[in-house]
Amino acid sequence: MNGSSSSRLIVRGIPVSPGIAIGPAYLMHPERREVPKRLIAPEQVEAEDVRLHRALDRAQKEIEGIKNRVSGDIGDHEARIFDSHILILRDQEILETVFRDIRENLYSAEYAFYRQMNLLAERFDAAAGGFLKDHMIDLRDVATRVIDILTLSESSQAVLELSDPIVVFARSLTPSELSQFNPKNTLGLCTEMGGKTSHMAILARSLEIPAVSGLSWRDIRIEPGQTLIVDGNTGVVILNPSLRDIKEYEMKWMAHFVEEEELSGLRDLDSVTRDGKHVALKANIELPVEVENVLHYGSDGVGLYRSEFLFLIRQEMPSEEEQYAAYRYLAESMAPYPVTIRTLDAGGDKLVPGLHITGEKNPYMGWRSIRVCLSNPGIFKTQLRAILRASVRGNVRLMFPMISNLQELRDARKILDETRSELRARGQIFDPDLEVGCMIEVPAAVVLAEELAREVDFFSIGTNDLTQFTLAVDRVNERIADLYEPHSPAVLRQIQTVVNVAREQGIPVGVCGEMAADPYMAILFIGMGMDELSMSPAKLLEMKRLTRAVSYEEARGCVRDVLRLTSASEIDRWLRRRFQEPLIKAGVLPKNPISNT
Amino acid sequence: MVTKELKVLNESGIHARPAASIVQTCGKFQSRITFTKDDIPANAKSIMNIMLLAAEYGATIRVEIEGPDEADAMEAVEKLFQEHFRQG
């Protein structure tokens, strides 16, 4: 790349948190942390000692500040990792060596500290069984903080006061780095690392900060303070935008704002079709704090609580009490609306520290989800106890993921029964009528739907996995991305089969997954007779507007025609021809649907 | 000097958070406290030393304590191991 750093440049990344941000760039890691060896004069030793002591004090203060914020925002457990950071910072064995290097070898404070941290990182890396690999990030967190304090204070970075609104530009962001920014002044985030399910993305979404990841640093040269536009809806990032770009994005931002105002008028209306069929609109959430968003947008409950995030954001298994506290908070906050808690769905791209150690060759079809739970009854029972106990605190439903045969369902239910007996023996109460459902996301479960339906209280269709398994397309492999077609007749016909079976067996059925929030697909699902659609909270109002604009009878009439088609593109064309105009008129689709691909 | 062999009972071993509990507890005592695993000694008041033991579930740690409050310190350390380093 030979572009000068002040020319306009458009780059594309992965949109991981929606919204638009325009503001000055704040660079987290301007370059790789290479601290050059610098020697000091013997008479400077004392001053260098003082400088390091001051930096350590300041670093400790910063960490304590983060710790307090995290314990307020996320929980005491997450905050405890920062105790470890402070102890690393104050480790006498390390500091003795660092101060000796300054005194005897005349190293500058930052080089002495950097060198020692690098030596430790090497030993961490070499520790038996990769035991300390997960903690490299903690070491890096502490090292970077101290070195930043020692080196960056006089650099250009200081121009940007942290109290000013900024767009953060970083190679990667650790949770502690992200939480050191004031969410009110953090307009947007751009990172090289981290997908949609990274901690960074999850935190960004729950804080409602627009974010784009997957940007290549090699293509980007940016100076602190230069203007950036971040479009978290499309993944577009514009460096040094023209005045026209800025105007255009300001308009987009305003349009979104106006729409939100309008949509909030919908919040308290029922989600019924024009001809009076009720379709429950529920939220998919990953963190208990998201309940606030769900309540803000109004919904018929939480259709999918991805409990694995309780396990992913830490180094060890959450205890029964911690899980109980989270589930109880959810149940109580949402009552009287139902909360569907999906049991631990780990594996694939969601590896739980301490549980998944080695990489699998084919992880999506590997040791994941219910399979992990059934082979770890201890972990599974701990979660089930916590869910059962929370069931008396509100309206809780329990759901098993990735069921692929009857035996798995029966084994899971047997463990659930054992857990109930244990709680009874402990004298703890739970809802004896807790509804138990399963996800339909493996083609085998579609084939066996009738048998499964006799043994559960509800179905929830997971469209992402169902699509990838039906079409044999790895959804994270970019080279075959065009083969990943959720609108394929092979997927849609299976969904219709599941709805029909649920009807016959008299159990409710819903869809949770990205597809539920696609306007055309939502019409189809309503027409199929789906009882509930579950989606990200930000989509709820838009989908309510859609539901209120369509007629169930009309949608039902279309389903047969659509399912007869033989390719995804035909289906898309058919739906667009039939519904694009009405959806634009109803205000569900934008008038100028260029961005609607 | 008092000496005891203790087993690591928490599932995920002595990583950052259990190590923090150990250092915080041991830091309250004057005695010199050494954890030894596979002949590698570690100062129990240094979180880095403790983490670098890479002690997994089931590992045996030899605890040596020497100093004016060694009996109390041993009692506290034993309790910590029994309580899975207070990781819940």
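Which residue in β4(B) is the bridge partner of B:E5? The legends below take up this pairing and its surroundings in a predicted model.

**View 1. Pairing of β1 and β4 in chain B.** The bridge partner of B:E5 is B:R62, which lies in β4(B). The two strands, β1(B) and β4 (residues 60–66) of chain B, run antiparallel and are joined over six bridges. Helix α3 (residues 70–82) of chain B packs on the sheet, where it touches β1, β2 (32–37) and β4 of chain B. The direction of α3 makes about 0° with that of β1(B).

**View 2. The four-stranded sheet of chain B.** This open sheet has the strand order β1-β4-β2-β3 (chain B), with antiparallel pairing. Its edges are formed by β1 (2–7) and β3 (40–43) of chain B, each of which pairs on one side only. On average, and with direction ignored, neighbouring strands are turned by 25° against each other.

**View 3. The side of chain B that touches chain A.** Contacts between the chains involve 21 residues of chain B and 26 residues of chain A. On the side of chain B, the elements giving two or more residues are α1 (16–26) and α2 (47–52) of chain B. By residue class, this side of chain B divides into nine nonpolar, eight polar and four charged residues.

**View 4. The eight-stranded sheet of chain A.** Eight strands make up an open sheet of mixed pairing, in the order β1-β8-β7-β3-β4-β5-β6-β2 (chain A). The edge strands, β1 (9–12) and β2 (14–17) of chain A, each pair on one side only. Neighbouring strands of this sheet are turned against each other by 30° on average, direction ignored.

**View 5. Pairing of β3 and β7 in chain A.** Strand β3 (residues 20–27) of chain A and strand β7 (residues 227–231) of chain A run antiparallel and are joined by five bridges. Within this pair, A:I20 stands opposite A:D231 of β7(A).

View 6. The average pLDDT of chain A is 85, and 87% of the residues score at least 70. Over residues 1–5 of chain A the pLDDT is below 50, and this stretch has seven contacts in the model beyond near neighbours in sequence. Residues 593–597 of chain A also have pLDDT under 50; for them the model has three contacts beyond four places in sequence. Where pLDDT is low, predicted coordinates should not be read in detail.

Terms used
Residues are numbered from 1 along each chain as its sequence is written. Chains are lettered from A and ligands numbered from 1 in the order in which they are written. This is a predicted model: local features need pLDDT of at least 70, side-chain atom pairs count only at pLDDT 80 or more; totals for chains, interfaces and linings use all residues. Two residues are in contact if their C-beta atoms, placed from the backbone, lie within 7 Å. Ala, Val, Leu, Ile, Met, Phe, Trp, Tyr, Cys and Pro count as nonpolar, Asp, Glu, Lys and Arg as charged, and the others, Gly among them, as polar. Two strands pair if DSSP finds at least two bridges between them. Axes are lines fitted to C-alpha atoms, for helices over the stretch in contact, and angles run from 0 to 180 degrees between N-to-C directions. pLDDT is the predictor's confidence in each residue, from 0 to 100.
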